[in-house]
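Thank you for making time this morning.

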Amino acid sequence: MATIGMDMLYYAKITEGTNGEETYGPPIRLARAIQADLTIEFAEATLFADDGAVYVIKDFKTGKLTLGVDDIGVTAAQDLTGASVDDNGVLVSTSESDGAPVAIGFRALKPNGKYRYFWLYRVKFGTPATNLHTKGDTITFQTPTIEGVVIRRSKPDSQGKHPWKVEATEGDDGVSPSVISGWYTTVYEPVFGGEPAKSPVVAADPIAESEPADGVAEESVKKSAAKPAKRKTAKPANNLEGEA
């Protein structure tokens, strides 16, 4: 998969139930994205028999996500790293600071102008790294990076499995336009076996979508009300970087 850009970096706070299962809050803009590096570690086992490998198992263990951003605001720093703000508005990071896991979403631009969208379901971040240099003959931007550990979520999907990542490519066969338009409205929940999709909840700072003019909308409603509903027969359901 070739990509030529990255943007729309969001996070969603997680609320855990008594059983440890996650409920995701509305996505919030984290920062302007520069780069995302995702590396994966697998638990591996190979069974040898008759002088050869018979079975090879590679299960997802953990991942490491390194994000390069233009800046990390105070609110995001509190949510992601557990830092706090004192009475004078100063951000305080302590040895006891421990951020809660969050979901991370972003998208990558492909050469054909379409986007590939991602959600990582559970990422635990540490304190951002800071690199500072004095100003010399030429200007070089210094930007923060933040590193997190990616783990699977506790809540199983409808197949009883525990996803750690989902991704969808705009325009691919089977990918509904509503999935793409609602990607930053809620954290995407996998749908299997024809189960109905859940209605999204409006998020903070969602992607702007074009809406019909009031007059057009009213006319459409009137025409729909004038026509009797037709009965339908059910059929079986057949490394990333921001642009310079």
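Predicted model: local features only at pLDDT ≥ 70, side-chain atom pairs only at ≥ 80, totals over all residues.

Residues are numbered from 1 along each chain as its sequence is written, and side-chain values use heavy atoms, with hydrogens and water left out.

Strands here are DSSP runs of at least two residues (E), helices are runs of at least four (H or I), and both are numbered from the N terminus. In a regular strand the side chains alternate between the two faces of the sheet. In E8 both faces are covered, with Val102, Ile104, Phe106 and Ala108 buried on one side and Ala103, Gly105, Arg107 and Leu109 buried on the other.

Now to the partners of E8, where two strands pair if DSSP finds at least two bridges between them. Strand E1, residues 5-16, runs antiparallel to E8 and is joined to it by seven bridges, and Asp7 has Arg107 as its bridge partner in E8. Seven bridges also join E8 to the antiparallel strand E9, residues 115-125, with Leu109 standing opposite Tyr115. E8 and E9 form a hairpin with five residues between them, and Gly113 in the turn has a positive phi of about 90°.

Turning to the interior, a nonpolar core is a set of buried Ala, Val, Leu, Ile, Met, Phe, Trp, Tyr and Cys residues joined through side-chain atoms within 4.5 Å. The largest such core has 25 residues, and those with the most contacts inside it include Ile104, Leu65 and Phe125. Among the elements that each supply at least two residues of this core are E1, E8, E9 and helix H1, residues 74-81. A second, separate core of 17 residues includes Ala103, together with Met8, Tyr24 and Val166.

Finally, for the chain as a whole, the secondary structure comes to three helices and twelve strands, and 29% of the 244 residues count as buried.

Notes: Buried < 20%, exposed > 50% of the residue type's maximum accessible area, 1.4 Å probe, protein only.
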